[in-house]
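Please walk me through this structure.

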Amino acid sequence: MLSLILALGSPGFAAAAAKAKTPAKTLSSPARKSVGISRDPYLGAIVVDVGSGRVLFADQADTKGYPASVLKLMDLFVILDKIKAGEVSLSDQVPVSRKSALTGGSQVWLAERESFTLEDMLFALMIRSANDVAVALAEKVGGSTEGFVALMNQKARQLGMVSTTFNSVHGLPPAPGQPDDITTARDLSLLCRELILKHPQALRYTSARQRTFRPGPKAVVMRSHNHLLGSVTGCDGLKTGFINKSGYSIAVTAARNGKRIIVVVLDSVDRVTRDKNAAQLVDKGFALLTVPPPSAPRAASQTPRGQK
């Protein structure tokens with residue numbers, strides 16, 4: 001059944017009226033052997049008001065699944081933290097190692113010994129969802145991919161992402177015997193909200209729909225995988241994700257009339273279903289913002305005299 005509408009860290013709100021759903025398949029531990037877990041319409045979903053943190057809608061939001069490339073939002077968070085601390089800057093050159101150049105999946109075809117500014121790399125990370133760029137950035141900022149993963153998990157603990165464990169910097173399927181990246185829709189909503197509140201400049205990268213990487217003969221015209229940009233009113237992010245074992249996920253944010261919400265759809269059966277449900281949940285979220293949460297029941301000792 002649809003989860004109760006809860007406030008993050010606050011007393012509960014009213015349950016969303018909807019039909020009961022078949023319980024989703026869960027993962028017993030991060031190291032469990034992976035199988036396809038996508039569901040129709042999704043494994044889990046959540047809608048959150050950025051301003052208050054109130055959960056406006058939740059359905060299987062604590063069911064564990066695979067984030068795929070949505071986890072690159074944590075890459076962005078860690079890097080923006082380092083920029084804010086003055087440890088790196090957007091103008092820094094990010095060298096390309098052999099390891100990053102050999103990383104597959106979505107990429108901008110980095111070549112060993114190339115280098116690009118950190119800012120160019122961030123656009124490639126968010127628009128193209130480039131896995132080779134994720135590795136290069138991790139090595140630059142964390143010293144190694146292992147060091148950067150440690151930073152990702154440290155930040156996850158700080159944000160209260162209690163059901164999340166990161167084991168990669170890109171969200172690709174792990175090698176045999178290695179653990180998966182694990183998260184929930186609720187945990188991803190925590191990440192998205194804190195990213196927007198603490199680093200609003202993140203939207204500069206997540207809202208970009210097209211940009212050229214490496215101008216010249218080997219230029220790559222990057223186009224966003226987020227089809228809600230330009231089609232859903234107020235949408236300016238955040239990130240999509242897909243691997244075969246998880247299906248299709250998306251973290252969305254949109255702003256309308258001075259209000260902003262976050263929608264997370266985790267592990268949907270296909271892209272069309274994912275995008276359709278995400279767009280509908282954006283509209284639902286803004287509609288629910290106009291409905292005030294119910295007041296807490298008055299305690300017996302607070303009942304006015306003469307009333308029962």
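Predicted model: local features only at pLDDT ≥ 70, side-chain atom pairs only at ≥ 80, totals over all residues.

A residue counts as buried when its relative accessible area is under 20%.

Start with helix α6. The buried residues in α6 are A185, R186, D187, L188, S189, L190, L191, C192, R193, E194, L195 and I196. That makes twelve of its 14 residues, so α6 is largely enclosed by the rest of the structure. An α-helix has 3.6 residues a turn, so residues three or four places apart point the same way.

Now turn to the rings. The structure holds three aromatic pairs. One of them joins F116 and F213: the ring centres lie 4.5 Å apart and the planes meet at 45°, so this pair is tilted. F116 sits in strand β6 (residues 115–117), while F213 sits in strand β7 (residues 210–213), so the contact ties together parts that are 97 residues apart in sequence. How buried are the two partners, F116 and F213? F116 has 11% relative accessibility and counts as buried. F213 is buried as well, with a relative accessible area of 2%.

Charged side chains also meet rings. R211 lies over the face of F123, at 3.8 Å from the ring centre. Over the ring of Y66 sits the charged end of K245, 5.6 Å from the centre.

Notes: Residues numbered from 1 in each chain as written. Heavy atoms only, no water. Phe/Tyr/Trp six-rings, centres within 6.5 Å; stacked < 30°, edge-to-face > 60°. Helix = DSSP H or I, 4+ residues; strand = E, 2+ residues; numbered from the N terminus. Buried < 20%, exposed > 50% of the residue type's maximum accessible area, 1.4 Å probe, protein only. Lys NZ or Arg CZ within 6 Å of the ring centre and 35° of its normal.
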